[in-house]
Amino acid sequence: MHKFICISGCTASGKSSFAIELSNYFEKPVIINADALQVYDCWEILTDRPTEKKTMHDLYGHVSCTVYYSVGDWLKDVKNLFDLYSNNSKTFIFVGGTGLYFKALLNGLSQIPRTPEEIRDFANSCDLSFFLKALNINDPNIIEKIDIKNRQRVQRAWEVLEATGKSILYWQSKNTSPLISISNATLLLVELEKEGLANRINTRVSHMLECGVIKEVEKVYNTCWDKKFPFTKAIGAEDIVSYLNGEISFEKLFQKIALKTRQFAKRQRTWQRNYMKNWHSINTAELNRLDIKKIVKKVKANN
């Protein structure tokens, strides 16, 4: 029987390292990416894509940056992986910080029609205030349900309303069956106290800059940069472009990336409080081998 483990948490909390360590206790594990930006082939350093080779990793860097890749596309890829590894892998470990991926995996996905390209192109040219004003008039209920500071979510709600004439809440109420039953999965939420997480974020940003993230972004900027595509929303990408164009200093670059990463982590914590209340909380900074063995025992008992 297959084992399913879901590991989520804020950016820089140590999810990927923990997933690799945990995988050592299971037979033929596959670690599956559940991060919406680590899917893109252009971002390795910028998204801190795992490079460890001993454990099988999948759905990392497998999508061209010049395509729109949705949570529905990700679910199809996950289903294909289940079929591909059905006779070989016994343990599937999902790891990532994109809460919507986990929600769709465990609760099913609403069948929202694709947004026509002309509507998306128009939306990409508008600012956040335009969408909020339109939604306040035509779909006020959604304003109470989403993070109104998250442009991507607000724009998506407007696009769906504009394209279908119905609120995104309508489509979300018509979910498909989940790929994995919550009762068959072990749900682990990696949590760190704010100061510790802030220190890890600073360390990560420094490491990225030392490892050549500026050259990585410069290559993309010179070949396929187009702000209409989701890959450009990766934290730090636009700031590095500003640095390359001489608009900000190197010191300011570090500060902006670190600040935006902390702000993103705050939004992730809000999501986790709302949608991951029943996940088992773990602190990787205090985790020891005995704790890991207890988790392994829990996984095996749950599956």
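This is a predicted model: local features need pLDDT of at least 70, side-chain atom pairs count only at pLDDT 80 or more; totals for chains, interfaces and linings use all residues.
How many salt bridges does the structure hold? I looked it up and got six, a salt bridge being a side-chain nitrogen of Lys or Arg within 4 Å of a carboxyl oxygen of Asp or Glu.

Residues are numbered from 1 along each chain as its sequence is written, and side-chain values use heavy atoms, leaving out hydrogens and water.

**Salt bridges**

I checked arginine 204 and aspartate 48: their closest N and O atoms are 3.0 Å apart. Arginine 204 sits in helix H9 and aspartate 48 in the loop between S2 and S3, 156 residues apart. (Helices are DSSP runs of H or I with at least four residues, strands are runs of E with at least two, numbered from the N terminus.)

Next I found glutamate 159 with arginine 120, at 3.2 Å from N to O. Glutamate 159 is in helix H7 and arginine 120 in helix H4, so this pair ties together parts 39 residues apart in sequence. Both residues are buried (under 20% relative accessible area; exposed is over 50%, partly exposed in between, with a 1.4 Å probe and protein chains only).

**Strand S4**

Then I went to S4, residues 91-95. Five of its five residues are buried, so S4 is largely enclosed by the rest of the structure. Thr91, Ile93 and Val95 cover one side, Phe92 and Phe94 the other.

I also saw S1 pair with S4 in the parallel sense over five bridges (pairing takes at least two DSSP bridges). Isoleucine 5 stands opposite isoleucine 93 there. S2 runs parallel to S4 too, joined by five bridges, with asparagine 33 opposite valine 95.
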